[in-house]
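Here is a short report for a reader meeting this structure for the first time. Please look over the sequence and the model before reading on.

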Amino acid sequence: MDFTVLTIFPEMFAPLRESILKRAGEAGHISVRLVNFREYAVSKHKNVDDVPFGGGSGMVLKPEPIYAAVRDLPPAEGRRKILLMTPQGKLFNQEMGKKLARADELVILCGHYEGYDERIRSLADEEISIGDYVLTGGELAAMVIIDAVSRHLPGVLGKADSSVDDSLTEGLLEYPQYTRPPDFEGMRVPDILLSGHHANIQRWRRKEAIRRTFLRRPDLSLTAKFCSADYELLEE
Ligand code: 6GU
């Protein structure tokens, strides 16, 4: 997957050069190209924003630099999607991350200031928000998208922790996990996990995942995928 990010703060993307995404880049599973669209500004002072027509506080991103940067992208080599990061976009979730991972190239437009000139929206295939709060800019949101999408690409995660096993792929929260020691300051690991009885452990984990989802995220429990075995499990 080739990510191209249009931003006036390319230095903000340093975190992508750590850990799993660093390895994914080195292995050629992903590439991240940062384009500073200020370089496409035409005015003497390289302005990318201006005051809003009609008045009001704050500045608005001008259309020209972003249009010029998009028009200057190399021709798409496969399926290219252009995403606009905005709190007014569709709320990002696990399923959207999985779908976006089917593209060959994602171009991510990051805004700043109070907003975008409305005409910038016509460049985008999709507008995406990462949650119902306002960030100072789209850069952190873009990194969230890059991370959540990359996890679904072949080779990025090892086989041992494939994204296929993500709890949210089933629409549920994760079951409780424990490691050694079995007794830490009187807090004991549930006996069933020490029993070695694989089938019982699987059932316990499924039940705890359902319980936790129902208690913490009742909204998710309405859309989770349940099977007939789940009903028996919950009647025990
Ligand atoms: Cl994508 N951008 C900004 N600026 N704020 C946000 C957001 C995006 N998603 C949630 N809040």
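## Overall form

This is a predicted model. The protein has 236 residues. Its secondary structure comes to 8 helices and 10 strands. The radius of gyration is 22 Å, well over the 18 Å that the globule rule gives for 236 residues, so the protein is more spread out than a compact globule. Along the principal axes, the C-alpha atoms fill a box of roughly 70 × 40 × 40 Å.

Of the residues, 23% count as buried.

## Two domains

The domain assignment gives two parts. Domain 1 covers residues 2-150, and domain 2 covers residues 166-235. The C-alpha centres of domain 1 and domain 2 lie 37 Å apart.

## Around the ligand

Which residues are closest to the ligand? They are M85, P87, S129, L135 and A141, out of 13 residues that surround the ligand. Two elements give two or more residues to this shell: β5 (80-91) and β8 (126-129). Strand β5 gives the most, with 3 residues.

The shell can also be read by residue class. It has 8 nonpolar and 5 polar residues. It has no charged residues.

## The buried side of helix α2

Helix α2 spans residues 63-71, and its buried residues are P65, I66 and A69. They cover an arc of only 95° around the axis, which puts them on the same side of α2. An α-helix has 3.6 residues a turn, so residues three or four places apart point the same way.

## Backbone details

Most residues other than glycine have a negative phi, and most peptide bonds are trans. Some places in this model depart from that pattern.

S19 has a positive phi, near 60°, and is not a glycine. S19 is found in helix α1, residues 19-26. Is S19 buried or exposed? S19 counts as exposed, because it has 10 C-beta neighbours inside 10 Å, and 12 or fewer is the cut-off for that class. E185 also has a positive phi, of about 50°, although E185 is not a glycine. Its place is the loop between β9 and β10 (187-188). E185 is exposed, because 6 other C-beta atoms lie within 10 Å.

The peptide bond from R180 to P181 is cis, with omega near 5°. P181 is found in the loop between α4 (139-150) and β9 (183-184).

## Y178 and its contacts

Y178 is found in the loop between α4 and β9. Y178 counts as partly exposed, because it has 13 C-beta neighbours inside 10 Å.

Which residues does Y178 touch, not counting those up to four places away in sequence? Y178 touches V189 and L193. Y178 and V189 are 11 residues apart along the chain, and their C-alpha atoms are separated by 6.6 Å.

Conventions
Residues numbered from 1 in each chain as written. Predicted model: local features only at pLDDT ≥ 70, side-chain atom pairs only at ≥ 80, totals over all residues. Near = placed C-beta within 6 Å. Helix = DSSP H or I, 4+ residues; strand = E, 2+ residues; numbered from the N terminus. Nonpolar A, V, L, I, M, F, W, Y, C, P; charged D, E, K, R; others polar. Buried ≥ 20, exposed ≤ 12 C-beta atoms within 10 Å, placed from the backbone. Arc of directions from axis to C-beta. Domains from an automatic or database assignment. Rg over C-alpha atoms; globule rule 2.2 N^0.38 Å. Contact = placed C-beta atoms within 7 Å.
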